[in-house]
Amino acid sequence: ARNYLVYDIFTQIHNLPPVVTPAIFGYSMLYPYTDNYIDDPQYSADEKNDYNRMIAKHIKGDNVKTRCMHDIKTCELIDDVIHFYENDEQTDIRYGLFYMLDAQKLSLTQTKSALKKDLNEDEIFKISSYKGGISVLIDRFYVSTNMSEEDFLFYLCYGFFLQLADDLQDITEDYNLERQTLF
């Protein structure tokens, strides 16, 4: 709901009616669906890496072997996003999905046990701003208007702000799992 709400706010900022397309629905569900899996301590680092590799292959258009319903649903959500833009010569949403996947993989390093070391504040800031910024920037691309450089910077910063809000919401869980966030 949060991702869709961000998209809805952006359409209102630009005086456009929000349109629920398979792409915006798929993306609104994809990010939390994949992020929750990656953050779940019940899965090993190898399982998470396999999951991320499966996602990358599917985004590329390669055939993938799904292991469970979670993999199948992930691929369906990716398809909802990609197929909406298949005939749009100016939009290759796959780039955005690859950046989002990259940011989620990078966030795996925020767990102390993953690196066997503490991250410094600058490293944590870079991960949080990248992950939050790219997530919201993708939402913005679903709004059919041109984007200025100022807009681009605003959306990246707004995404970082929302990432901070998410980290604050998860502060107890993150502390217990030794996830290194700014909080």
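Trainee: Does Phe-125 count as buried, partly exposed or exposed, and what is the relative accessibility?

Mentor: Good place to start, and keep in mind that this is a predicted model. Buried means under 20% relative accessible area and exposed means over 50%. Phe-125 falls in between, so Phe-125 counts as partly exposed, at 38%.

Trainee: And what about Phe-160, buried or exposed?

Mentor: The cut-off for buried is under 20%. Phe-160 has a relative accessibility of 16%, so the residue counts as buried.

Trainee: How are the rings of Phe-125 and Phe-160 arranged?

Mentor: Phe-125 sits in helix H7 and Phe-160 in helix H8, 35 residues apart, so the pair links distant parts of the chain. Their ring centres are 5.0 Å apart. Planes over 60 degrees apart count as edge-to-face. Here the angle is 70 degrees, so the pair is edge-to-face.

Trainee: What kind of aromatic pair do Tyr-4 and Tyr-7 form?

Mentor: Both residues lie in helix H1, three residues apart, about one turn of the helix. Tyr-4 is partly exposed at 24%, whereas Tyr-7 is buried at 4%. Their centres are 5.4 Å apart with 55 degrees between the planes, and the pair is tilted.

Trainee: Which side chain of opposite charge is nearest to Lys-48, and how far away is that side chain?

Mentor: Lys-48 belongs to helix H3, residues 45–60. Beyond its neighbours within four places in sequence, its contacts include Tyr-37, Tyr-43 and Leu-108. A salt bridge needs a nitrogen–oxygen distance within 4 Å. Lys-48 is buried and has no salt bridge, and the nearest side chain of opposite charge is Asp-39, 6.4 Å away.

Terms used
Residues numbered from 1 in each chain as written. Predicted model: local features only at pLDDT ≥ 70, side-chain atom pairs only at ≥ 80, totals over all residues. Heavy atoms only, no water. Helix = DSSP H or I, 4+ residues; strand = E, 2+ residues; numbered from the N terminus. Buried < 20%, exposed > 50% of the residue type's maximum accessible area, 1.4 Å probe, protein only. Lys, Arg positive; Asp, Glu negative; His and termini not counted. Contact = heavy atoms within 4.5 Å. Phe/Tyr/Trp six-rings, centres within 6.5 Å; stacked < 30°, edge-to-face > 60°.
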